[in-house]
Amino acid sequence: MKLLNEWKLQWFEAGEKDPLEVSAPYYIDHFWMAAKVPGDVHSTLLSKNLIKDPFIGHNDLECRWVEEKEWWYRTTFNWDGDCCEEESMELLFEGLDTYATVYLNGVEIGSTANMLVEHSFEVTSELRKGKNVMAVRIDPVHTHIEGKELDYWCSYGKERIWTRKAAMNFGWDWGPRLVSVGIWKAVALVKRSKTRLAGVFAKTTELQKDLAKVEVDVEVSHPSWMKEPLYVVAELRSGENILSGRSQIRRKKGVMIIEVPDPQLWWTHDLGEPHLYEMTVSLIDEQGNVLDSRVDDVGIRTVQVEQKHENGENLFAFNLNGVRMFAKGANWIPVHNFIGSADEGRYTKLLELAKDVHMNMMRVWGGGIYEKEIFYKECNRLGILVWQDFMFANALYPDYNQNFMANVQDEVAKAVKRLRNHACLAIWCGNNEIDWIYDRKKSDGEITTPFYGEKIYHELIPEVLEELDGSRLYWPSSPYGSYQDGDLDSEEMGDRHNWVVWHGNVEPRKVGEPVVQDISLEGVSFKNYKKDLTLFSSEFGMHASSNRYTLSKYIPEGEFYWKSDEMAYRNKDHFHEKGMLLMEGFTGVPTDIEEYMNYSMLTQAEGLKYGIEHYRRRKPFTSGALIWQFNDCWPGTSWSMVDYELLPKASFYYARKFFDPILATIDHDPGKPLRISVVNDKLQDLEDTVVFEVMTFDGRQLFLKEIDFTVIGNGVQELANFTEEEVLDRVDPSEVVIRLRSIRGSFKENVYYLRDYKDINYPKTNLSVERHEEEAAVTITADRLTRFVKLDILQGEVVCSDNFFDLMPGESKTIQLWHLKGEDIDLERVSISAMNSESSMIEKGQKGGVTH
């Protein structure tokens, strides 16, 4: 019985009201405001015009009072059911944010101190026939940390050291401080058998070509209530095919082995089909009566992390069903600052966009939440693996406090039991950057305390996983992997966060050595990616502007210009000059808002292309590239590839090429040879011909070479190399463009320039644009080389078949547009330009609204 309707909300000063008075059934709440559950307080207040939109301007600062108040929810519901001796009634809260006390019919039934996991309360005695009144009091965070030790390392709000809620609520370097509060997930009244399923875990224990074995482990609570033997039955269903297993419960546990002939495996979408079986597990008595049951979608698959190559060299490579794969993806942050009010459709849209650009892995970052169920279900469906952090990030945590550790123990166990059946889940990770940064800050003298929290990642979590999920690798932190006294961000072992680029970290360094940063043109340049021989890059990236529509929607009128205070406020990173230096080194320094949007997007896109193509050429000795970051939680300037309004940035469209399973790539730096390689992530051998073409900006061909090649499945092959002198025919290297094409269409066209954007004098070009109303498409033709053709869309949630692309002289390209909600697209709100185009364009056809 879902309890999602007729909730009311009110606030008081902390401690102002007697809780038993406000929770009493007779309390008059007629003048309270209506509230949505699931939801949050900020969104409710915004819907009532009681606060200004926190995402516009500096309005988030005006909302700080919300986190200081005591908030009350109340609702009524009718219950006309019954409950026998072998049953109990429970109130299940899937998410309470955060310090909550629950009352039923005026009786305090329990309290919570953890936003991140579910909480249930047995209420059989307190439940009444007919009308029931439920109240939830949520205290401000500060009332629960008063008197607590806060004087040790914690990035951003130090309240979060003691508070088990999404760390990003307190601000991060890509989002504002907006400390959410509320009932952020569903609430239900549930009837349960006292003897019931307490845990179900299905895992693939053996995988052969024509047979798989699936072990189903079951835990039962309170079996002593039943005086007769209990059994558990598991069924795996795929279409009309049903396979089953049965086991008697002994000592609260049952184990079944189901043999699956000719199994349909779960693969990432780039390697095969992500097939899912429906698994039904039932607890029955000797007469066959069903006492409890549950249904899960499960995948038959094995996943390991290989840490040694056949030749003895170190690896960090995910192996799925016996296939060593290259992990291509990004880091995932919460989809909204107000997580409870984010609709499930936002998850589906973002993850389908990720699949669209060939991503096969998402890392759920440790400063957010154990994601909503929709996230994992969509990753299961779409064939995207998940790197799952536990929710500890960039801070020391009080592992010396028994109450805190009991809270963490409960959290970890609940998170593992909730998530372990998802086929997409590939690895557990203890925290984000804590082990690595502790050493850095201790070496600099900034940290003088013991490593508070170490027991969590190196004792508590592995002990819980040993009991509840030994089927996946547990990795204590990210990055992690010291080698020969190197620090934990070593490129020789484990995973690495490359913050040489952007943050200017000087690496390698050894444990205990001082931390050095080089905030200079060379120090932060994305050209440093070429020096990175990491085994697995689990974080790297650089800023880019959000799209015009997103920025202009949330920046107050008159403030949307370069270097305005409001533009600066969109950027939450430290030392804003890092972005300026990156642009200065590649595009030059922007002089207005138009140049800033273009230059930052081009720098991010070309920088990620430069790094990822390098990583992929090193396969398998680099086996993963997870970009920081995929999405945004508010309309800011950040590392994201898709902005808050779900408009992709240039890097997203570049990713369609640099993450494509087949990649033709050139390794080149100014004055150096051009080395042509093909990367084949597919399992089949590939035969094709690559066309290597060098031309001037007006289309004169300088060099043409057709290279036949064969690349083995899951392999890399260098095909040829040429000097600049060989291909230029005495033309200046800043006046040519290079293109790689496939004769058979096996890979996407790839375009290169021999010099950085700032060092090239592009000719002015004219664009001819024809708009097709019925097809929701535009055709663009260029008379000369056209750099970075941009469809600027003044409408949210619109995606293009391509954008931010280059056109060769005399060539045309038709771009399809579609709306993620299927809404009409207004072509009049789509402007088309290029970095080197004239301000005026020749327009053909009619403009107007279209339907896709």
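Colleague: In which strand is Arg 192 found?

Modeller: Helices (H or I, at least four residues) and strands (E, at least two) are DSSP runs, numbered from the N terminus. Arg 192 belongs to strand 13. This is a predicted model, in which local features need pLDDT of at least 70 and side-chain atom pairs pLDDT 80 or more, while totals for chains, interfaces and linings use all residues. Residues are numbered from 1 along each chain as its sequence is written, and side-chain values use heavy atoms, leaving out hydrogens and water.

Colleague: What does Arg 192 touch, leaving out residues up to four places away in sequence?

Modeller: Contact means heavy atoms within 4.5 Å. On that basis Arg 192 touches Glu 86, Glu 87, Ser 88, Glu 90 and Leu 92. Glu 87 is 105 residues away along the chain, yet its C-alpha atom is 5.6 Å from that of Arg 192. The side chains of Arg 192 and Glu 90 also make a polar contact at 2.9 Å (a pair of N or O atoms within 3.5 Å; within protein, one must be able to donate a hydrogen and the other to accept it, and residues adjacent in sequence count only if both atoms are side-chain atoms).

Colleague: Why does Arg 192 count as partly exposed?

Modeller: Buried means under 20% relative accessible area, exposed over 50%, and partly exposed in between (1.4 Å probe, protein chains only). Arg 192 has 25% relative accessibility, so it counts as partly exposed.

Colleague: Which residues lie nearest the centre of the largest pocket?

Modeller: On a 1 Å grid over the protein atoms alone, a pocket is an open set of points where a 1.4 Å probe fits, with protein on both sides within 12 Å along at least five of seven lines; lining residues have an atom within 4 Å of a point. Here 50 residues line the largest pocket, and Leu 92, Glu 118, Arg 192, Arg 294 and Arg 418 lie nearest its centre. Elements giving two or more residues to that lining include strand 4 (87–93), strand 13 (187–193) and helix 7 (402–419). Strand 20 gives the most, with 6 residues.

Colleague: How many residues of helix 15 are buried?

Modeller: In helix 15 (residues 650–658), 8 of the 9 residues are buried, so the helix is largely enclosed by the rest of the structure. Among the buried ones are Phe 652, Tyr 653, Arg 656 and Phe 658.

Colleague: What should I look for in the backbone?

Modeller: Most residues other than glycine have a negative phi, and most peptide bonds are trans. In this model a cis peptide bond joins Ser 478 and Pro 479, with omega about 5 degrees. Another cis bond, also with omega about 5 degrees, joins Lys 619 and Pro 620; Pro 620 sits in the loop between helix 14 and strand 31 (624–627).

Colleague: Is Ala 776, with its positive phi, buried or exposed?

Modeller: Phi of Ala 776 is near 50 degrees, and the residue is buried at 1% relative accessibility. Glu 797 has a positive phi of about 60 degrees and is buried too, with a relative accessible area of 13%.
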